Amino acid sequence: MKFSLTSQTLYSVISGWMLLLAVWACGSSDQSNQSQKETNTASSTAGKPATPASKKNTIIFYGNSLTAGYGVEPSQAFPALVEQKIDSAGLNYDVVNAGLSGETTAGGLSRISWVLRQPVDVFVLELGGNDGLRGLPLASTRKNLQAIMDTVRRKSPEATIVLAGMQIPPNMGTDYTREFRDLFKELATKNDAILIPFLLEGVGGIPKLNLPDGIHPTPAGHKIVANTVWQVLRPVLESRQNG
């Protein structure tokens with residue numbers, strides 16, 4: 001599904017993006033310290049020693065501010081909401097939120113080995129949106145995402161990779177917008193990954209479901225995103241646990 005925006009709404013969304021990118025740029029020097037701090041505290045089930053009989057599988061949500069839950073409480077971000085669904089379904093998974101606001105695919109590539117110090121069973125990759133908003137070369141975006149997935153395969157060969165598709169408004173030009181949208185499907189096919197066609201389905205471009213910046217979901221928006229992710233993720237988790 002593509003964005004369906006009026007010109008007035010699109011102007012507001014793009015203006016919000018430009019303001020937000022300026023804020024991100026100011027905070028980029030702190031990303032390294034934030035990455036270590038956020039990842040160290042990400043697992044919501046710390047403190048319970050695991051035994052071989054009760055050890056849980058691990059699912060990592062690896063992304064940018066959408067995953068990190070920019071502008072909402074951590075418990076309101078879609079990874080936490082998906083974790084609630086996992087628990088309600090009786091599935092045996094620990095959830096790690098490794099989202100970092102302002103992250104590009106290049107930044108994600110630079111920290112992936114550090115994040116993957118522990119084995120992962122399911123890896124949800126949500127990166128690329130900031131590349132698209134900044135108009136970065138798509139060849140670099142594609143190369144970085146491929147390198148991230150290669151690292152996951154090398155460190156956890158049995159892991160299932162779930163790739164979150166993203167779309168951007170056409171302000172970068174129709175060719176760029178189309179190629180950006182299509183690269184996620186291409187990478188998913190190439191790497192035998194599970195594709196979430198569009199992470200912000202039913203949320204992107206809808207003002208009442210986004211914060212005033214026009215790009216980050218409200219708590220209500222995150223609930224819809226969580227449902228979108230869950231529809232794709234639940235069969236994957238059930239298949240791995242029962243397989």
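Which elements make a right-handed β-α-β unit with β4? In this predicted model, in which residues are numbered from 1 along each chain as its sequence is written, local features need pLDDT of at least 70, side-chain atom pairs count only at pLDDT 80 or more, and totals for chains, interfaces and linings use all residues. Side-chain values use heavy atoms, with hydrogens and water left out. The unit is made by β4, helix α8 (residues 174–190) and β5. A crossover is called right-handed if, with the strands pointing away from the viewer, the path from the first strand over the helix to the second runs clockwise. Helices (H or I, at least four residues) and strands (E, at least two) are DSSP runs, numbered from the N terminus.

β4 and β5 belong to an open sheet of five strands in the order β2-β1-β3-β4-β5, with parallel pairing; two strands pair if DSSP finds at least two bridges between them. β2 (93–97) and β5 (194–196) stand at the edges and have a single partner strand each, so one side of each is left without a neighbour in the sheet. From one strand to the next, the twist averages 20°.

Within the sheet, β3 (residues 122–126) is paired with β1 (residues 57–63) in the parallel sense over five bridges. Here F61 has V124 as its bridge partner in β3, and Y62 has L125. β3 also pairs with β4 (residues 160–164), again in the parallel sense, over four bridges. V124 is bridged to V162 of β4, and L125 is bridged to L163 of β4. β4 and β5 run parallel and are joined by three bridges, and the partner of A164 in β5 is I196.

Buried means under 20% relative accessible area, exposed over 50%, and partly exposed in between (1.4 Å probe, protein chains only). In β3, five of the five residues are buried: V122, V124 and E126 point one way, and F123 and L125 the other way. Five of the five residues of β4 are buried as well, so β4 is largely enclosed by the rest of the structure. T160, V162 and A164 lie on one side of β4, and I161 and L163 on the other.

Helix α9 (residues 219–242) lies across β1, β2, β3, β4 and β5 and runs at about 160° to β5. Axes are lines fitted to C-alpha atoms, for helices over the stretch in contact, and angles run from 0 to 180 degrees between N-to-C directions.

In helix α5 (residues 105–115), the buried residues are T105, G107, G108, R111, I112 and V115. Seen down the axis of α5, these residues fall within an arc of 140°, so they line one face of the helix; the arc is that of the directions from the helix axis to the C-beta atoms. N130, in helix α6 (residues 129–134), is buried with a relative accessible area of 2%. The side chain of N130 reaches the backbone oxygen of E103 at 2.7 Å.

Notes:
A polar contact is a pair of N or O atoms within 3.5 Å; within protein, one must be able to donate a hydrogen and the other to accept it, and residues adjacent in sequence count only if both atoms are side-chain atoms. Contact means heavy atoms within 4.5 Å.
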